[in-house]
Amino acid sequence: MKKTVLVSGGAGFIGSHVTVELVQAGYDVLIADNFSNCDETNYKGVCAILGKEMPLVKMDFCDAAAADALFAGHKIDAVIHFAAFKAVGESVEKPLMYYRNNLESFINVLEAAKAHGCHNVLFSSSATVYGEPEKVPVTEESPRQPATSPYGNTKQMCEDILNDTVRSTEGSKEEIRGILLRYFNPIGAHPSALIGELPRGVPNNLVPFITQTAIGRRECLSIFGNDYPTADGTCLRDYIDIVDLAKAHVYAVRRMLEGKMKKGCEVFNVGTGRPVSVLELVNAFEKVNGVKLNWKFAPRRAGDVTAIWADPTLANNELGWKAERSVEQTLAAAWAWEKRLAGK
Ligand code: WQD
């Protein structure tokens with residue numbers, strides 16, 4: 001009997017790529033999204049890649065009744081929760097909107113899962129919970145630092161909400177088991193160029209800003225800071241290919257559904273273990289795509305951490321998952337996606 005995975009926020013950048021990998025791994029997927037932060041481009045792209053109309057429920061998980069009805073009306077074996085606001089800067093300007101949306105939606109998912117026999121919850125967390133780590137690479141045991149934005153705080157709070165729900169339901173008929181996947185920097189697009197990142201307005205993140213500058217939608221890329229204590233003075237990050245990231249979700253869901261978990265709530269870093277600087281990424285983009293990028297150094301951006309990258313050993317060993325794509329392959333896919341968006 002095929003297992004069904006609910007992907008909340010499944011029309012978004014990460015959710016759409018995870019949906020493709022889940023279906024191709026043999027799972028049935030139900031997508032639920034309120035399209036507050038994306039249009040139907042990626043949903044249509046997922047259907048095109050998979051060659052079928054994917055089941056889709058348009059709904060807002062802040063509506064507790066709607067969340068309950070969704071779980072009551074479908075056999076859901078596991079839920080992957082992406083539905084949340086995720087812009088760091090916007091969360092600083094509108095904290096209450098972020099706390100209400102990100103916390104209420106997750107609580108409603110958990111309440112509905114408990115009430116309707118869905119025992120497996122995978123939460124989309126973020127390396128942002130580590131803040132400015134004292135030691136790199138970070139492992140899952142590295143301490144979480146006080147959040148530097150309401151967005152980051154909602155990630156930490158949702159981790160705690162899941163942990164507490166797992167503890168309080170252990171052994172009961174409402175038992176919830178949880179996996180927290182802490183993503184580092186997801187970048188790139190599906191090799192088909194049918195799905196990818198669709199930032200609204202001016203991109204906050206580096207790679208969409210690079211590709212939009214290269215295609216001519218942005219005048220110039222500003223590299224925020226070249227006076228950091230790193231080899232080339234720019235920040236170091238762990239850029240993980242979106243398809244590699246999506247595959248990690250298949251391994252995690254499989255672990256849950258096959259009863260392979262070793263404790264009620266598990267945490268995994270999902271990264272490559274490979275630190276890359278902003279300048280290295282810009283140079284790699286120009287080289288692999290044969291384009292010249294208009295960029296300049298600019299002052300540091302408030303809130304940026306100097307360096308963070310994953311020690312992915314636990315995910316490699318326990319999930320059997322490992323990032324496989326090179327940063328060059330990822331940047332080529334990101335560029336192909338941007339060109340397709342521009343009709344080129
Ligand atoms: C990466 C590097 C910037 C834009 C954020 C969130 C994190 C997660 C991923 C959601 C930094 C530099 C960027 C630009 C630049 N999001 N940069 N010029 O800040 O590491 O992480 O996105 O889960 O939670 O915090 O990613 O891509 O914004 O920045 O120089 O125009 O690129 O200074 O060093 P970040 P980013």
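Before listing any lining, I note the term: a residue lines a pocket if it has an atom within 4 Å of one of the pocket's grid points. I also keep in mind that this is a predicted model.

I looked up the second largest pocket, and its volume comes out at about 160 Å³. Its lining consists of Glu140, Glu141, Arg255, Lys262, Lys263, Glu266, Val267, Phe268, Leu314 and Glu318. Two elements give two or more residues to this lining, strand S11 (265–270) and helix H10 (313–319). I see that S11 has the largest share, with three residues. Sorted by class, I get seven charged and three nonpolar residues in the lining, and no polar ones.

Entry two, H1 and H2. I checked how helix H1 (residues 13–24) sits against helix H2 (residues 41–50): the angle is about 15 degrees and the axes are 10 Å apart. The two are therefore roughly parallel to each other, given that angles under 35 degrees count as such. The crossing is right-handed. From H1, I find Phe13, Ser16, Thr19, Val20, Val23 and Gln24 in the contact, and from H2, Asn42, Val46, Ile49 and Leu50. I jotted down six nonpolar and four polar residues for this contact, with no charged ones.

Helix H3 (residues 64–73) packs on helix H5 (residues 95–115) at about 35 degrees, with axes 9 Å apart. This crossing is right-handed. On the H3 side I have Ala64, Ala67, Asp68 and Phe71, which meet Asn108, Val109, Ala112, Ala113 and Ala115 of H5.

Methods. Residues are numbered from 1 along each chain as its sequence is written. This is a predicted model: local features need pLDDT of at least 70, side-chain atom pairs count only at pLDDT 80 or more; totals for chains, interfaces and linings use all residues. Side-chain values use heavy atoms; hydrogens and water are left out. Axes are lines fitted to C-alpha atoms, for helices over the stretch in contact, and angles run from 0 to 180 degrees between N-to-C directions. Helices (H or I, at least four residues) and strands (E, at least two) are DSSP runs, numbered from the N terminus. A crossing is left-handed if the near helix is turned anticlockwise from the far one by less than a right angle, and right-handed if clockwise. Contact means heavy atoms within 4.5 Å. On a 1 Å grid over the protein atoms alone, a cavity is a set of points where a 1.4 Å probe fits but cannot get out, and a pocket is an open set with protein on both sides within 12 Å along at least five of seven lines; lining residues have an atom within 4 Å of a point. Grid points are joined across faces, edges and corners, and a volume is the space filled by probe spheres set on the points. Ala, Val, Leu, Ile, Met, Phe, Trp, Tyr, Cys and Pro count as nonpolar, Asp, Glu, Lys and Arg as charged, and the others, Gly among them, as polar. Angles under 35 degrees count as roughly parallel, over 145 as roughly antiparallel, 65 to 115 as roughly perpendicular and the rest as oblique.
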